[in-house]
Amino acid sequence: MKNKAKILAAILAAASVSMSLAGCSGDDTTSSGAASTGSETSTESSAEESSAAASGETVNLSWVQIGPQPNDLQMVTDAMNEYSKEKINVTCDYTYLDWGIYGDRMKAMIQGGEYFDIMFLNGSTVYTQPAETGRLAALEDYLSEVPELEEFTPDSLWEGVTYKGHIYAVPTYKDSSCTNYWVWDQPTVEALSIPYEEIKTFADLDPWLYTPFRKALPTALRTAPSANMPCT
């Protein structure tokens, strides 16, 4: 159990380091990076890693990511591994699976017992199914090993990756917020004399959202009360 704690602590620490150094790709779902000890068929690999962790040897983790493989992956990986090896004696090998094949490929890896240490997961059944079947490691007991990560991430995000009382993932804090904004092109700004530098609130913005449409409507409809407009 002590060795298992060390390897899972290493996985969590590696997740913290890599999330701070690696770039990100866009996604339309709330996502989370999940750490896993693999499945029953990976006992030999897990034992080797646990033994390495216990002896102070460098632990190398297999990390599966989503998206197209970056052109400079090897250069970035070498730099990250140099840093993480010095800090926590952990290195990572990254495998990228494109967006279009990721879901099916990950399900096949999980169901087939293919070995991995860390994988990108989201809130769909790609997360809940392996948690149900014991393919993912529960991490809550090991978060104290990386207090900076636990404290940095808001409680609401830890709750978001909690499934049936257990935490199976390290939430990606970067996906917890988004910025909404409005953009006009320069010809539109010039044609409608939009005072964009003076627009600071939604109340300031609201009238100008209607301006392009009012300009395009016939004069009779521009001034027609909304109560007189026909309903269908």
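Me: Does phenylalanine 152 count as buried or exposed, and what is its relative accessibility?
Reply: Phenylalanine 152 counts as exposed, at 56% relative accessibility. Buried means under 20% relative accessible area, exposed over 50% and partly exposed in between, with a 1.4 Å probe and protein chains only. Before we go on: this is a predicted model, where local features need pLDDT of at least 70, side-chain atom pairs count only at pLDDT 80 or more, and totals for chains, interfaces and linings use all residues. Residues are numbered from 1 along each chain as its sequence is written, and side-chain values use heavy atoms, with hydrogens and water left out.

Me: OK. How many aromatic pairs are there?
Reply: The structure holds 4 aromatic pairs. Rings of Phe, Tyr and Trp (its six-membered ring) pair if their centres lie within 6.5 Å; planes under 30 degrees apart are stacked, over 60 edge-to-face, and the rest tilted. One of them joins tryptophan 63 and tyrosine 94, a tilted pair with 5.4 Å centre to centre and 35° between the planes.

Me: Where do tryptophan 63 and tyrosine 94 lie?
Reply: Tryptophan 63 is in strand S2 (residues 59-66) and tyrosine 94 in strand S3 (residues 90-97), so the pair ties together parts 31 residues apart in sequence. Helices (H or I, at least four residues) and strands (E, at least two) are DSSP runs, numbered from the N terminus. Both tryptophan 63 and tyrosine 94 are buried.

Me: And what does phenylalanine 152 pair with?
Reply: Phenylalanine 152 forms an edge-to-face pair with tyrosine 173, at 5.1 Å centre to centre and 75° between the planes. Phenylalanine 152 sits in helix H6 (residues 147-152), tyrosine 173 in the loop between strand S7 (169-171) and helix H8 (186-192). Tyrosine 173 is partly exposed, with a relative accessible area of 33%.

Me: Switching to helix H3. Which of its residues are buried?
Reply: Leu73, Thr77, Met80, Asn81 and Ser84 are the buried residues of H3. They cover an arc of only 105° around the axis, so they are on the same side of H3; the arc is that of the directions from the helix axis to the C-beta atoms.

Me: What's exposed on the other side of H3?
Reply: Met75, Glu82 and Glu86 are exposed there.

Me: Back to asparagine 81: what does that residue touch?
Reply: Asparagine 81 touches Val90, Thr91 and Cys92, not counting residues up to four places away in sequence. Contact means heavy atoms within 4.5 Å. The relative accessible area of asparagine 81 is 13%.

Me: And what follows H3?
Reply: Asparagine 89 does, with a positive phi near 60°.
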